[in-house]
Amino acid sequence: MSELTRLTIAEARDRLRAGDVTAAELTEASLAAIDAADALGAVTAKTPEKAREMAAAADARLKAGDAPDLCGIPLGIKDLFCTEGVASQAASNILSGFVPPYESTVTTQLWDQGAVMVGKLNMDEFAMGSSNETSCYGNAVNPWRAEGSDKALTPGGSSGGSAAAVAAELCLGATGTDTGGSIRQPAAFTGITGVKPTYGRCSRFGIVAFASSLDQAGPMTKTVRDSAIMLRAMAGHDPKDSTSADIPVPDFEAMLTGDIRGKKIGIPKEYKIDGMPEEIDALWHRGAEMLRDAGAEVVDISLPHTKYALPAYYVIAPAEASSNLARYDGVRYGRRATLEAGDGITELYEKTRAEGFGPEVQRRIMIGAYVLSAGYYDAYYLKAQKVRTLIKRDFENVFADGVDAILTPATPSAAFGLGDMKDADPVEMYMQDVFTVTVNLAGLPGVSVPAGLSKTGLPLGLQLIGRPWEEGEMMNIASVIETAAGFQAKPGKWW
């Protein structure tokens, strides 16, 4: 049955509708794959009973001829999404024991489509990290290994468990969230496709908040077509989220024509950073040639404020995090520290947060509290917001000049070893987001698509940045790269 987990969502959909396979069979194959993959640390909560129940309901819908695209498709859900009756703790000890009495809007929409939840997936604590090493569950591990090495590699972060689960074919697709690159970077590190939609395209209701003006949910799948299918189900207006856009959701899959003749693709000169590995630069040039060969016009562009993006991001995101995470106080839900005689409410807050938050989360909360404090607000937070406006304007100017999408590398390197950056300056880890944070600051859609292998046989991804609300157009261009690159490599099974 293991060959069933190798199917794409599109293939599984067609076979389910044809009656060649049942949702129950697909689900059992996925559950068996998950049980055999504990070494990956990708799954934080297995949900076999719920999965079997959902699969039975999906089979009934398929039999009745009422089968939406995702009916019967096994999916993994990042631990940041609240799932009713299933532990949802954002990979943090401070939310240990929290079982939501409600469902996030995105997962509600997926279940309405008949999708099957096979488990919750690992991530960096509160989505803060680029390597999945800050999780209270322990590290998620990349299913890929460098040639001639058995060193454990990062699957990227913060959606590392989602990336590892899809790459290792434990499920057919997974949800991720992207605040500064947390869908696109892990997708690139594991050889899968990851889409960060336009800010407001997917509801944030029921997704544990990191930085509210940057967070956005998106699909992580084996192919661009699968991402198009999944995004259509995840997207849509939600009155419960004030930032959710009341804009019609198109049929993204129908927009994958592969025809990009006459499209104008921008290559930003500011992304040619010092020290970029030769193989990343070569892949970028190859991607541009693929698009040129398909009839697109490739032009050089300038995004002059790019160099300020990382500093601005690492002021704005921690500021919003320090505000959002103030709700975890040991009073209403989650972890509560044990108090000693004479301790009061202040000691409860201090001890609960000291025990519950990991070092990286504590670091970002302190940075955020500092930049928002009296005397520093104007110098840091206000200035960062002004820089954000300039970064957004850079993109608006480029798109106004007729550019349809922007091509960049997805990451500055292939996947690195777990523990490699443990003792490094935190800024080195933050540099992993160098190509992705601008997209979040400007609220734009972005996609990472696998396009080649490094000299050590690890996946490398290319990023396309689209116009606001034009995910379909962006994914169509990504599908051209996918076809031209012909990336079929899979990790060798060691787990």
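Where does phenylalanine 126 lie? Phenylalanine 126 is in the loop between β3 and α5.

First, the ground rules. This is a predicted model, in which local features need pLDDT of at least 70, side-chain atom pairs count only at pLDDT 80 or more, and totals for chains, interfaces and linings use all residues. Residues are numbered from 1 along each chain as its sequence is written, and side-chain values use heavy atoms, with hydrogens and water left out.

Now the overall picture. The protein has 15 helices and 11 strands; these are DSSP runs numbered from the N terminus, with helices being H or I of at least four residues and strands E of at least two. The radius of gyration is 21 Å, close to the 23 Å that the globule rule gives for 495 residues, so the protein is as compact as a globular protein of that length. That radius is taken over C-alpha atoms, and the rule is 2.2 Å times the number of residues to the power 0.38. Along the principal axes, the C-alpha atoms fill a box of roughly 70 × 55 × 50 Å.

Of the 495 residues, 60% are buried. Buried means under 20% relative accessible area, exposed means over 50%, and partly exposed is in between, using a 1.4 Å probe and protein chains only. Contacts (heavy atoms within 4.5 Å) tell us about the fold as well. Among those between residues at least 6 apart in sequence, 77% join residues at least 24 apart.

Helix α7 covers residues 224-234 and is mostly covered, with 9 of its 11 residues buried. Among them are Val224, Asp226, Ile229 and Met234. Just after α7, glycine 236 takes a positive phi of about 135°.

Back to the loop between β3 and α5. Phenylalanine 126 has a phi near 50°, a positive value in a residue other than glycine. Its relative accessible area is 0%, so phenylalanine 126 is buried. Asparagine 132 is in the loop between β3 and α5 too. The phi of asparagine 132 is near 60°, again positive in a residue other than glycine, and asparagine 132 counts as buried at 0% relative accessibility. Serine 158 is also in this loop, which runs between β3 (116-121) and α5 (160-167). The peptide bond from glycine 157 to serine 158 is cis, with omega near 5°.

Proline 101 is exposed because its relative accessible area is 63%. From C-alpha to C-alpha, proline 101 and alanine 23 are 27 Å apart in space, and they are 78 residues apart in sequence.

Last, the cysteines. How many disulfides does a search of the whole structure find? The search finds 0, where a disulfide is a pair of cysteine sulfur atoms within 2.5 Å. Cysteine 171 is in no disulfide either. Cysteine 71 is buried, with a relative accessible area of 2%, and cysteine 171 is buried with a relative accessible area of 2%.
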